[in-house]
Amino acid sequence: MRVCSSSFFLVRDPAATPAARRRVRALVVGWGVQLDEDTRLALDTVTSELVTNAVRHTQAPMLTVAVHVNVSLRRALVEVYDGSIALPRRRRAGMTGESGRGLELVEHFALAHGSERTERGKRVWAELALPEQPVTRRQVMAASRRAVRGVLRALPRPGRAPIRPPFAPDSTRPRTAA
């Protein structure tokens, strides 16, 4: 099971949104996770929405973005911490409105999402599905080493009686009645 985590700070500024999007994607790809086009779109959109909401709705000068990936479970978690205690709420966006659709987008792309108050403000998070990852050479080698160790443990060692199946025809052990 491979789990990777990292966090970084951003200055609360509109330019923080594209910077966060690039940084989150770079972290995930840097951990060796291969993203398909749909997952890349979901990761970018969710990161953008969480950071944009934090930039718009807090007065704190800094934001914290945390990213956690569990490759075995095929999950990525994006968290944004800000200084506001006001939890996000779903708003009704007008047909021509430019805002109010952020939580709808997060709901669409995320497996789960939520928010909670913290000691210094709030945490808003979203969990995303990752595509199935190809088996790496390292995983194949690790599985091979485990198999070899298992075989070596089963082989007789000097000073230890050989292992024989209980009902082998050449076994000298008496059979027990079933």
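Modeller: Let's start with T45, which is found in helix α2. Helices here are DSSP runs of H or I with at least four residues, strands are runs of E with at least two, and both are numbered from the N terminus. Bear in mind that this is a predicted model, where local features need pLDDT of at least 70 and side-chain atom pairs count only at pLDDT 80 or more, while totals for chains, interfaces and linings use all residues. Residues are numbered from 1 along each chain as its sequence is written, and side-chain values use heavy atoms, with hydrogens and water left out.

Biologist: Why is T45 called buried?

Modeller: Buried means under 20% relative accessible area, exposed means over 50%, and partly exposed lies in between (1.4 Å probe, protein chains only). T45 has a relative accessible area of 15%, so it counts as buried.

Biologist: Which residues does T45 touch, not counting those up to four places away in sequence?

Modeller: L105 and F109. A contact means heavy atoms within 4.5 Å.

Biologist: What puts the buried residues of α3 on the same side?

Modeller: In α3, residues 102-109, the buried ones are G102, L103 and V106. They cover an arc of only 95° around the axis, so they sit on the same side of α3. That arc is taken from the directions from the helix axis to the C-beta atoms. As a rule, an α-helix has 3.6 residues a turn, so residues three or four places apart point the same way. The buried residues of α3 pack against α2 (37-57), β4 (112-118) and β5 (121-129).

Biologist: What makes β5 largely enclosed by the rest of the structure?

Modeller: Of its 9 residues, 7 are buried, so β5 is largely enclosed.

Biologist: How do you know that β3 and β5 pair?

Modeller: Two strands pair if DSSP finds at least two bridges between them. β3 (residues 75-82) and β5 have 8 bridges in the antiparallel sense, so they pass that test. R75 stands opposite A129 in β5, and the bridge partner of E79 in β5 is W125. β4 and β5 also pair in the antiparallel sense, over 7 bridges, and they form a hairpin with 2 residues between them.

Biologist: Why are β1 and β4 called edge strands?

Modeller: The 5 strands form an open, antiparallel sheet in the order β1-β2-β3-β5-β4. β1 (3-11) and β4 each pair on one side only. The twist averages 15° from one strand to the next.

Biologist: And how does α2 lie on that sheet?

Modeller: α2 lies across β1, β2, β3 and β5, running at about 170° to β5. Axes are lines fitted to C-alpha atoms, for helices over the stretch in contact, and angles run from 0 to 180 degrees between N-to-C directions.

Biologist: What makes a set of residues a nonpolar core?

Modeller: They must be buried Ala, Val, Leu, Ile, Met, Phe, Trp, Tyr or Cys residues joined through side-chain atoms within 4.5 Å. The largest one has 32 residues, and L10, V28, L50, V51 and V69 touch the most other members. α2 gives the most to this core, with 7 residues. In soluble globular proteins, nonpolar side chains tend to be buried together.
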